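Subject: Structure handover

Hello,

Here is the structure I promised to pass on. Please open it next to this email and follow along.

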Amino acid sequence: MQTPRLEIRDLVRRFEGRSVVDHVSLTIQPGHVTCLLGPSGCGKSTTLRMIAGVDMQDEGTIHVDGNLICDTVFRVPPERRQIGLMFQDFALFPHLSVGENVAFGLKGPKAEKRARAQELLERVGLAHYIDEYPHQLSGGEQQRVALARALAPRPKIMLMDEPFSGLDNRLRDGIRDETLALLKEEGASVLLVTHEPEEAMRMADEIALMRDGRIVQRGAPYNIYNAPADKAAVAFFSDIN
Ligand code: ADP
Ligand code: MG
């Protein structure tokens, strides 16, 4: 079998003696989207923060392409993990142009950085805004710029924490589809956190269903949807029509 792009093994995070992440293991295959799906408070964001390196686990290991990046004594700093991040609050830098926002995390000659920004802005259909400022863009457009910014440095892994939940319902489906298309084109390996089963069904190659700090089921979306692990999983999926 192929070496997973990301593999976390038995991650544990305790707050005040309570394990909010309790022996969580999961993998992402190269180029795949894995959704970490579960109700609010089950430990999704805490898991993502440990993978990003902004929080540290009490137990367990994280490997990228088979290389250890973090255990309880060794830790590669966040900026050297080649991991991109996108949150619901995707705030762009208001004083930088759209192009400068996208190029922000890039190194090298200015012309090269601008060319990469231009390329990504073309992919999201916003190249004409390259010299405009974020406040001139709609919420949905800003979201696409944030995605371009996160992808610009070609991260090995994209971590996305409920990135669509701040968007208007009417926009959300379209932006989900566009985002997925761009992630696939760029060959990104993605861990997408969501509490919405519908979103996971729409976007995931694999779903890891999480509850009370644990992964209760893993598999292809339709396998999980058609054969939920237990009554709680059935109830969780029952909102989808
Ligand atoms: P989710 O993202 O699934 O909604 P979180 O990972 O944010 O869940 O939180 C899981 C649990 O851990 C929650 O009960 C939350 O209150 C708790 N928690 C998260 N961060 C901290 C912290 N820094 N200190 C204490 N408790 C925390
Ligand atoms: Mg969260």
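First, a definition: two strands pair if DSSP finds at least two bridges between them. Helices (H or I, at least four residues) and strands (E, at least two) are DSSP runs, numbered from the N terminus. On those terms, strand 3 (residues 33-37) and strand 8 (residues 189-194) pair in the parallel sense over five bridges. Val 33 has Val 190 as its bridge partner in strand 8.

**Ground rules**

This is a predicted model, in which local features need pLDDT of at least 70, side-chain atom pairs count only at pLDDT 80 or more, and totals for chains, interfaces and linings use all residues. Residues are numbered from 1 along each chain as its sequence is written, while chains are lettered from A and ligands numbered from 1 in the order in which they are written.

**Confidence**

pLDDT is the predictor's confidence in each residue, from 0 to 100. The protein has a mean pLDDT of 93, and 99% of its residues reach 70 or more. Strand 1 (residues 6-15) has the highest confidence, at 98. Helix 8 (residues 231-237) has the lowest, at a mean of 84. The model's scores are ipTM 0.98 and pTM 0.93.

Strand 1 runs antiparallel to strand 2 (residues 18-28), joined by eight bridges. Leu 6 has Ile 28 as its bridge partner in strand 2. Strand 1 also runs antiparallel to strand 4 (residues 59-64), over five bridges. There, Arg 9 is partnered with Thr 61 of strand 4. Strand 4 in turn pairs with strand 5 (residues 67-70) in the antiparallel sense, over three bridges. His 63 has Leu 68 as its bridge partner in strand 5.

Two hairpins deserve a look. In the hairpin of strand 1 and strand 2, two residues lie between the strands. Glu 16 is in that loop. Glu 16 has a positive phi of about 45° although it is not a glycine. The hairpin of strand 4 and strand 5 also has two residues between the strands. Asp 65 in its turn has a positive phi of about 50°.

**Buried or exposed**

A residue is buried if 20 or more other C-beta atoms lie within 10 Å of its own, exposed if 12 or fewer, and partly exposed in between; C-beta atoms are placed from the backbone. Glu 16 is exposed, because it has 5 other C-beta atoms within 10 Å. Val 24 sits in strand 2. Val 24 is buried, because it has 25. Two residues are in contact if their C-beta atoms, placed from the backbone, lie within 7 Å. Leaving aside neighbours within four places in sequence, Val 24 is in contact with Ile 8, Leu 11, Thr 47, Arg 214 and Ile 215.

Helix 4 (residues 139-151) has 13 residues, and 10 of them are buried. The buried ones include Val 145, Leu 147 and Ala 148. Among the elements that cover them are helix 3 (110-123) and helix 5 (169-185).

A nonpolar core is a set of buried Ala, Val, Leu, Ile, Met, Phe, Trp, Tyr and Cys residues joined through C-beta atoms within 7 Å. The largest one has 57 residues. Cys 35, Val 102, Ala 148, Met 158 and Leu 191 touch the most other members. Helix 4 gives this core its largest share, six residues. Not counting residues up to four places away in sequence, Leu 191 touches several residues, including Leu 6, Ile 28, Leu 36 and Leu 159.

Arg 154 has a positive phi of about 55°, and is not a glycine either. Arg 154 is exposed, with 12 other C-beta atoms within 10 Å.

Best wishes
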